[in-house]
Amino acid sequence: MARDKVTYESYEQDVFDNPPKGPVGVHRGSRSVISRIAPFVIVILVAALCGFGAWAWVTGEYKNILNLNTSSQTAQTPDTEKKDSSDAKSDSTHSSDTKSENTDSSNAQSDSAATDNAGQRAQQDQAAATVNKATQVRVINATGISGYAGQKADMLQTAGYTSVEAANPTGSVPTSTVVWYQNEADKATAEDVASTLGISAVEQVQGLAAPITVVLLN
């Protein structure tokens with residue numbers, strides 16, 4: 001018996017013999033040019049960096065690169081320090097100016113006070129150096145010689161003194177002839193009285209009955 005020839009039509013048709021029209025299954029969309037070449041570019045860059053790193057390590061150029069970065073940071077630091085130094089110098093200058101102004105003000109006040117004191121002393125010295133022949137002068141006779149005080153009083157009046165009196169001593173008397181004056185302003189007048197009468201001793205004494213008192217002794 002001869003075998004029958006098997007053909008496509010020999011099988012019973014099923015669902016797979018009538019597939020749907022159009023694409024069936026999962027299909028990838030077409031990729032852009034950039035997405036296709038990006039992996040190659042990345043590989044090239046990584047390879048170039050690795051090659052550069054190996055070259056820098058072998059030749060020692062990495063030290064120069066590190067030194068360059070350090071020098072750049074150091075170059076920036078002096079600017080900041082210079083600015084801080086300038087600010088500190090400005091503050092110091094301002095402080096110095098303030099102190100100088102305060103010192104000048106204190107010196108001016110001291111000079112003014114010194115000038116006032118000098119003026120007052122000059123006035124006192126001028127007043128003390130002025131001879132006032134209208135000052136009351138009392139001549140006390142402690143010699144026991146009658147009329148001796150009157151004679152000295154006449155000498156003073158002849159010299160221009162207008163308020164002179166002769167008197168006898170009361171209480172204790174000094175040991176030698178002397179001219180007493182009570183106030184500093186009468187010092188010059190007392191010295192002139194002593195010069196007129198030929199007396200060398202002139203002393204300041206408090207509690208006198210007259211501004212100037214002449215005590216005559218042997």
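**A charged pair, the core and the surface**

Author: Let us begin with the charged pair: glutamate 165 forms a salt bridge with arginine 138, and the closest N and O atoms are 3.9 Å apart. Please keep in mind throughout that this is a predicted model.

Reader: Which strands hold glutamate 165 and arginine 138, and how many residues apart in sequence are the parts that the pair ties together?

Author: Glutamate 165 belongs to strand β2 (residues 164–167) and arginine 138 to strand β1, so the pair ties together parts that are 27 residues apart in sequence. The structure holds one salt bridge. As to accessibility, glutamate 165 is partly exposed at 33%, and arginine 138 is partly exposed at 24%.

Reader: How should I place these strands within the whole protein, and in what order do the elements run from the N terminus on?

Author: The secondary structure comes to four helices and five strands, and from the N terminus on the order is α-α-β-α-β-β-α-β-β.

Reader: What is the general idea behind a nonpolar core, and which residues of the largest one touch the most other members?

Author: In soluble globular proteins, nonpolar side chains tend to be buried together. Here the largest nonpolar core has 17 residues, of which Val137, Val139, Leu156 and Val214 touch the most other members. Two or more residues come from each of β1 (137–141), α3 (148–158), β3 (178–181), α4 (187–197) and β5 (212–216), and α4 gives the most, with four residues. Apart from this core lies another, of five residues, including Val178, Leu208, Val215 and Leu217. Across the protein, buried residues make up 16% of the 218 residues.

Reader: With which residues is valine 137 in contact, leaving aside its neighbours within four places in sequence?

Author: With those neighbours left aside, valine 137 is in contact with Leu156, Tyr161, Ser163, Val164, Glu165, Val193, Ile212 and Val214. Glu165 in this list is the residue that forms the salt bridge with arginine 138.

Reader: Which residues of α4 are buried, and is lysine 187 buried or partly exposed?

Author: In α4, the residues Ala188, Thr189, Ala190, Val193, Ala194 and Leu197 are buried. Lysine 187, which is also found in helix α4, is partly exposed at 32% relative accessibility. The C-alpha atoms of lysine 187 and glutamine 204 are 7.8 Å apart in space, although the two residues are 17 apart in sequence. Just after α4, glycine 198 takes a positive phi of about 75°.

Reader: Finally, which residues make the nonpolar surface patch of about 490 Å²?

Author: That patch is made by Val33, Ile37, Phe40, Val41 and Leu45. Isoleucine 37 is found in helix α1 and is partly exposed, with a relative accessible area of 42%. The protein exposes about 16,700 Å², of which carbon and sulfur atoms supply 54%.

Terms used:
Residues are numbered from 1 along each chain as its sequence is written. This is a predicted model: local features need pLDDT of at least 70, side-chain atom pairs count only at pLDDT 80 or more; totals for chains, interfaces and linings use all residues. Side-chain values use heavy atoms; hydrogens and water are left out. A nonpolar core is a set of buried Ala, Val, Leu, Ile, Met, Phe, Trp, Tyr and Cys residues joined through side-chain atoms within 4.5 Å. Buried means under 20% relative accessible area, exposed over 50%, partly exposed in between (1.4 Å probe, protein chains only). Contact means heavy atoms within 4.5 Å. A salt bridge is a side-chain nitrogen of Lys or Arg within 4 Å of a carboxyl oxygen of Asp or Glu. Patches are made of residues with over 30% relative accessible area and no salt bridge: like charges are joined within 9 Å, nonpolar side chains (Val, Leu, Ile, Met, Phe, Trp, Tyr) within 5 Å. Accessible areas come from the Shrake-Rupley method with a 1.4 Å probe; for residues, only the protein chains shown count as cover.
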